[in-house]
Every structure is written in C-alpha cells, then in structure tokens.
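These notebook entries record what I looked up, beginning with the sheets and ending with the nonpolar cores.

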Amino acid sequence: MSYVAPITDYSSVGMSFAPPSVIGLAPDAQSLLDELVSAWNQKRWRNSLRSAYVDGKQRLAHAGFSIPPSMRDLEEVVGWPAKAVAAHAERCMFDGFVSAETSDDPFELSSILDLNRFDIELPQAIRSSMIHSVAFVSVTPGDESSGEPPVIVMPHSAQWSAAIWDFRRRVLKGALVISSIDDYGFPTMLTLFTPFETVTCIKGGSWFVQDTVAHQLGHVPVAALPYRPEIDRPFGRSVVSRPVMSITDDAVRTVLRTEASAEFYSAPQLMLLGADASSFQDDNGKPIPAWEMVIGRINAISKDEDGDTPTVQQISQQSVQPHIEQMRELASRFAGETNVPVSSLGVVTDNPSSAEAMHAAEKDLVIDCAAANRVYGSALKRVAQDVVMIRDGVALADVPQLQKLSVRWRNPAMPSVLDAGDAMLKIVQAIPWIANTTVALEEIGFTDEQIDRLLSQKRRSEATSTLDMLLNGGAHDDTGTGGYPQQSPTTGGDAGATGDAATVGEHRQSQS
C-alpha cells in the first residue's frame, strides 16, 4: 500500500515525464510528440520556480549570517512578484472584437465567447503568460449533444502545455496539452495539436490513441500569448525575471533581519557589573532562565561577598531604521525592474504624490501594457478567425471580412470618466462628426453593455418624443399639416413641392 499523499497543488510538481510511445500514432506525429514532451520537461522547473515566487512559497536558500539559527526557520513572505504580475495583467483589459465592415458583434462571436466564459478566463490566461512568459489558447469543435458550446475556446498554462515555434512560417509547428494527471502528478491524458488534426492520447496499460479529429485550418489550432516576445525568444519573457527573483530574496532577508532586530529590541540587553554567580540562581541553586530575568516584574540582586552592590547597565539597542531604508532601496530597484510604481509596493512617503507625479510614475507601466496588448491582439485575432472557420466550416480566404477583424482593448492608462470626457470633448470640437459614433463612447470608457443600454434608451426616448410631437401637433392643427413645420414657397415661378399646403393645392388646381 502506498502512503504517498495525493497532489493538490499541481504548480509545485517537480517530476520528469519521459516521451511516451503511443500505439496508433503516426511516425511524424510521434516525432513531434517527443519534441514537445522534451520542451515541456526542459521548461517545467523554471515555470514552477516562478509560480512559487508569485504564490509566496519559495523558501530562502541563504538566510545570511546575521540571522540567529533559532529564527532561520521563520517563514517571511514578500509579495512583490505577485504585485508586479497583477499590476501588468489588470491593465490589459479585453473589450471585444470589432470590424469596420460588420456590426458591433462581428460574426456573432459574443454568444460563443460567453459560453466559453471568455471574459473570465482570458484575464487568467494573460496573468499566466506574464508569470511563465507565455500561455496558450486552443480552439476545437465542441460536442453540442453533451452540452458543450459549438466551439470550445480553452486557455492553457505553460505549466501543463508546450509548443514548438516554426521560425520560417512564424506559426506554431505543434502544441501539446496535458489534459489529465493522476494523484501523483504523472500525465494520464494528453492532446497533440498538429496543422491537420487533433489527437487525444490516454494511458491504460500503455499509451494509445483515443480519438483523432481532422480539421481544415491549415495551421495548429492553438494560439500563443507571449509577453515581450523577441526574435530569438518567440515565447517571450516572464515578468518574474531573474533580477526580480534576486531582489525578492534580498527583501526577504531584510524582513528577517528586521524581525531579528525587533526581538532584540523587545528584550533589552543588560550588563551586571560586580554580581556573583548566586545572582543568577534560584533558591534551589538552579540557574534562572534569562527570559525570566527580562520579563520579571520585580528583580532583586544581593550584595557580593565584599558587601558591594552590583551595578546594572543597559546596552543601547540597535535601530530598525537601517533595515527600513534598505527596504526602500530594494523597492526602488524592484520598481525600476518592473515599472511598478514604488507607492504600489507599500513604500509610504511623507508627502503624498500629486496627480501629475502619479501619472508620470505609471507611464512606463502603461507603455508596457500597451505593447503587450498589441501582441495579445494578434493572437486573439487568430483565435476569433479559428472560431468562425470551425463553426461555419469556411476557409479564411472565403471570408474577406474575417481578415479585417481586430481586437479592441480598454485604455491601459485607465483614465477617469472626467479625464476621458474632457479629452473627447476637445476632439469633438475639432472633429464634430465623431460625436455621432460609438467610438466616442468607447474612448470615454463606457463598456459594450453600457453603450448598448445608452443607445437603446436613446432610441426609446426619440420614439417617445416623436410620438408626443405627432399627437400634440395633430390636436391643435387646423390646416391638416399634421403639425409639421411649413416651409415658405420658392421665389419666382410657380410654387413647387417646397411651398406650403395652400400654395401646393392652388398649383394642383391650376394644373387640373
């Protein structure tokens, strides 16, 4: 019987998984699977390490010689890595797909995205990509008979997925997703994505192909969401970089030193001059614990054998201020590395920052997030195109409008409604016709739901006003014009259609 406890936190699994030989898998697919499993094993440890820093579970390797042995097992956590990831991810706010040639809901994507909880899971994928440098989103047909959406859009963490980049075609060569594991962290089901098919493999007595689904996309139905990709690193870099991890370790050491200093500060050091050994013994001749000497309410010391009274001197305690100053310095280094404002790291200044100073401190962070949105937008555009092609059974070349699809993001600067309104007012004054578009409402900061409600209420209000005008005009109009404003007849010549009711009538009689 095995007494190994089942794994509940899969982010900390540190095992190695050898590429399996799958029965029924084609040789080229088996070769691709071997390459993907090797890539997953290679990146597994670093991904787990970064997750540990974000979760605050990474133990300090070297506590430092100034930490007493009795305090080296004290667990202290600095949450700066999680703060850096959240500061970036929360400013990358997806606001839907748009197209210049279709309606506000191009290709009716909203219903499928809602069924896939896209508004909830996409932010999780973005956060995961910033932790591990990349996340993946797969698009596969769903089984509607079992209650699945027509198309399944599923995000995947790099903890349990891998991909190979084709540098020449600038697309994925293949992708792997660990779909299921046992209680001890070993894969029992995996999904292999190729440019022509999706293969599901499971483990029984041995590994074998459970299902194969062909597709006509012509590319791997998986999109990569990299953060800060580079030519040599197409899957990007993590927010939790090596400098970030090093600074975090230094901050944890500083917190430990502060705790050690606080312990000594709480227990002042005393020096007894001229005391004999009996001063440190109880009535039974046993040594008095040092802690009782510190917390005792009444302490008495007898004279020595010469009749002299011992003197007590207190050694001045060290200040924790140097440790606080070091934390400020580490926070400044961390802010410089991640572009997160120092004020967001818990460093409080005596003088509150002005609005201009806060905006300047967030400028680099906003630039980072705007650049990330451009990269994420390209991947999400591919996801939307795959959804439409799988749902409708069409090719990308058959739907030219699909190629013009684009992604809309909220402003990463997150301006207030007043600031955005003032900016849009100046734009409308320069370009008046923009006021009649929904783009103006989007730039002010209204969401799609708010814009739909505003336009719906506007239409109802206009319909009510028109009905009131017709009813009120008809009740007081004796000429039969229905309350519409009358225009003056044209000057010169016969009265035309622009004349009033009487003139038009006379013109008709003269013609008869």
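Which strands does α9 lie across, and at about what angle does α9 run to β9? I put this question first, keeping in mind that the model is predicted. I found that α9 lies across β2, β3 and β9. Its direction is at about 165 degrees to that of β9.

**Entry: the three-stranded sheet**

I next looked up the sheet to which these strands belong. It is an open sheet of three strands in the order β3-β2-β9, and the pairing is antiparallel. I noted β3 (151-157) and β9 (222-226) as the edge strands, each of which pairs on one side only. On average, neighbouring strands here are turned by 20 degrees against each other, direction ignored. For the pairing of strand β2 (residues 134-141) with β9, I recorded five bridges in the antiparallel sense. Within β9, Val 222 is the residue that stands opposite Ser 138.

**Entry: the five-stranded sheet**

I then turned to the other open sheet, in which five strands follow the order β4-β5-β6-β7-β8 with antiparallel pairing. Its edges are β4 (161-166) and β8 (207-214), and each of these pairs on one side only. Six bridges join β4 to strand β5 (residues 171-181) in the antiparallel sense. Ala 163 has Ala 175 of β5 opposite.

Which helix packs on this sheet? I found helix α1 (residues 27-55) there, in contact with β4, β5 and β6 (187-193). The direction of α1 makes about 70 degrees with that of β5.

**Entry: the nonpolar cores**

I looked up the largest nonpolar core and found that it has 61 residues. Trp 80, Leu 109, Met 130 and Tyr 376 are those with the most contacts inside this core. Which helix gives the most to the core? The answer is helix α9 (residues 363-392), with eleven residues.

I examined Tyr 376 in detail, leaving aside residues up to four places away in sequence. Tyr 376 touches Cys 92, Ile 126, Ser 129, Met 130, Leu 225, Pro 226, Tyr 227 and Trp 409. I noted that Met 130, one of these contacts, is also listed among the residues with the most contacts inside the largest core.

Finally, I recorded a second, separate core of 19 residues. Leu 36, Trp 40, Ile 178 and Val 199 are included in it.

Key. Residues numbered from 1 in each chain as written. Predicted model: local features only at pLDDT ≥ 70, side-chain atom pairs only at ≥ 80, totals over all residues. Heavy atoms only, no water. Core = buried A, V, L, I, M, F, W, Y, C linked by side-chain atoms within 4.5 Å. Buried < 20%, exposed > 50% of the residue type's maximum accessible area, 1.4 Å probe, protein only. Helix = DSSP H or I, 4+ residues; strand = E, 2+ residues; numbered from the N terminus. Contact = heavy atoms within 4.5 Å. Pairing = 2+ DSSP bridges. Axes fitted to C-alpha atoms, helices over the stretch in contact; angles between N-to-C directions.
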